[in-house]
Amino acid sequence: MKGIEDVKLGKSGFSRRTVLIHAGVITTAAAVASLTPGVATAATGKATASEPADPPTSANGWPLVEQANHVSTVWTRPVPGTGLDFDVRIGDAETILLHVIRRFHYEVEQLHGAGLAGWQTIGSVNRKRPESNLASGTAVRIRPGAAAEGSFFPLQEIVLRDILADCEGTVRWGGDDSQVDESLFYLDRGPDDPQIRRLAARLRKGEVTPGLGAGSAVNVMARSRQERAGRLAAEQRKS
């Protein structure tokens with residue numbers, strides 16, 4: 001004898017058990033869809049969630065970092081040959097900014113004590129200006145108190161221009177910005193720019209090759225170097 005659950009319902013041809021099973025499947029599918037981003041529900045046919053928003057970035061397009069030295073991409077790193085350290089985004093940004101700092105220390109002016117300032121929280125800088133790049137760990141202040149225009153002697157600026165040219169346009173100096181900040185040096189390319197990776201690879205190779213890398217003898221007065229530095233300076237002043 002058939003149980004109540006197997007009694008046919010009218011002319012539909014479906015038993016009560018079949019109806020209950022199908023109802024349970026539909027309910028479960030709807031519940032799963034409601035918890036899965038981008039999955040359409042059976043009832044509406046619409047996605048239940050949109051794509052996640054892009055993370056906030058500094059002016060140069062690198063993601064902001066909330067804190068250093070704790071589940072972070074920004075860590076305190078020593079600057080070889082200087083006795084100093086600073087907070088910087090590890091990886092390619094670290095390699096490039098370390099090169100700038102070390103050449104500055106060896107060839108422009110020796111740095112002491114509070115001569116460097118790296119990463120800062122976004123709340124401590126103006127997020128609409130290049131100084132916001134400090135908050136992504138992709139900038140550094142060298143001689144933080146010397147931000148005003150005219151902080152360098154002419155020969156010092158010649159060397160500084162050579163350092164920038166050595167970085168192949170990936171690093172910008174705040175002295176070339178419309179709102180001058182001569183203490184600020186920052187990456188001027190985004191994280192996906194292949195030039196960042198190429199330069200960092202070249203600099204890393206130079207550091208382990210005798211006669212290359214920061215601290216090697218460089219004739220910044222050589223005509224070819226001055227012409228290269230001059231072209232880059234003209235480009236950056238226009239941008």
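Mentor: There is an open sheet of four strands in the order β3-β4-β6-β5, with antiparallel pairing, where strands are DSSP E runs of at least two residues, helices are H or I runs of at least four, both numbered from the N terminus, and two strands pair if DSSP finds at least two bridges between them. The edge strands are β3 and β5 (171–173), each of which pairs on one side only. Bear in mind that this is a predicted model, in which local features need pLDDT of at least 70 and side-chain atom pairs count only at pLDDT 80 or more, while totals for chains, interfaces and linings use all residues. Residues are numbered from 1 along each chain as its sequence is written, and side-chain values use heavy atoms, with hydrogens and water left out.

Trainee: How many bridges join β5 and β6, and which residue is the bridge partner of Arg-172?

Mentor: β5 and β6 (residues 184–187) pair in the antiparallel sense over three bridges, and Arg-172 has Tyr-186 in β6 as its bridge partner.

Trainee: Now the loop between β3 and β4: is Asn-133 buried or exposed there?

Mentor: Asn-133, which is found in that loop, counts as buried because its relative accessibility is 1%; buried means under 20% relative accessible area, exposed over 50%, and partly exposed in between, with a 1.4 Å probe and protein chains only.

Trainee: What does Asn-133 touch?

Mentor: Not counting residues up to four places away in sequence, Asn-133 touches Ser-58, Ala-59, Asn-60, Thr-138, Ala-139 and Tyr-186, where contact means heavy atoms within 4.5 Å. The side chain of Asn-133 also reaches the backbone nitrogen of Asn-60 at 2.9 Å.

Trainee: And Lys-128, buried or exposed?

Mentor: Lys-128 counts as exposed, because its relative accessibility is 80%, and it lies in the loop between β3 (116–117) and β4 (139–142). Lys-128 and Ala-59 are 69 residues apart in sequence, yet their C-alpha atoms are 6.8 Å apart in space.

Trainee: Changing topic, how much space lies in the largest pocket, and what lines it?

Mentor: About 230 Å³ of space lies in the largest pocket, and of its 17 lining residues, His-99, Asp-166, Arg-202, Leu-212 and Gly-213 lie nearest its centre. The elements that give two or more residues to that lining are α2 and α4 (194–207), and α4 gives the most, with four. On a 1 Å grid over the protein atoms alone, a pocket is an open set of points with protein on both sides within 12 Å along at least five of seven lines, a cavity is a set where a 1.4 Å probe fits but cannot get out, and lining residues have an atom within 4 Å of a point.

Trainee: How many cavities does a search find?

Mentor: The search of the whole structure finds one cavity of 30 Å³ or more. About 50 Å³ of space lies in the largest cavity, a volume being the space filled by probe spheres set on grid points joined across faces, edges and corners. Its lining includes Arg-129, Pro-130 and Glu-131, as well as Leu-184.

Trainee: Last one: where is Tyr-106, and what is it in contact with?

Mentor: Tyr-106 is found in helix α2 (residues 92–108) and is partly exposed, with a relative accessible area of 35%. Leaving aside neighbours within four places in sequence, Tyr-106 is in contact with Pro-80, Gly-81, Ala-214 and Gly-215.

Definitions and conventions: A polar contact is a pair of N or O atoms within 3.5 Å; within protein, one must be able to donate a hydrogen and the other to accept it, and residues adjacent in sequence count only if both atoms are side-chain atoms.
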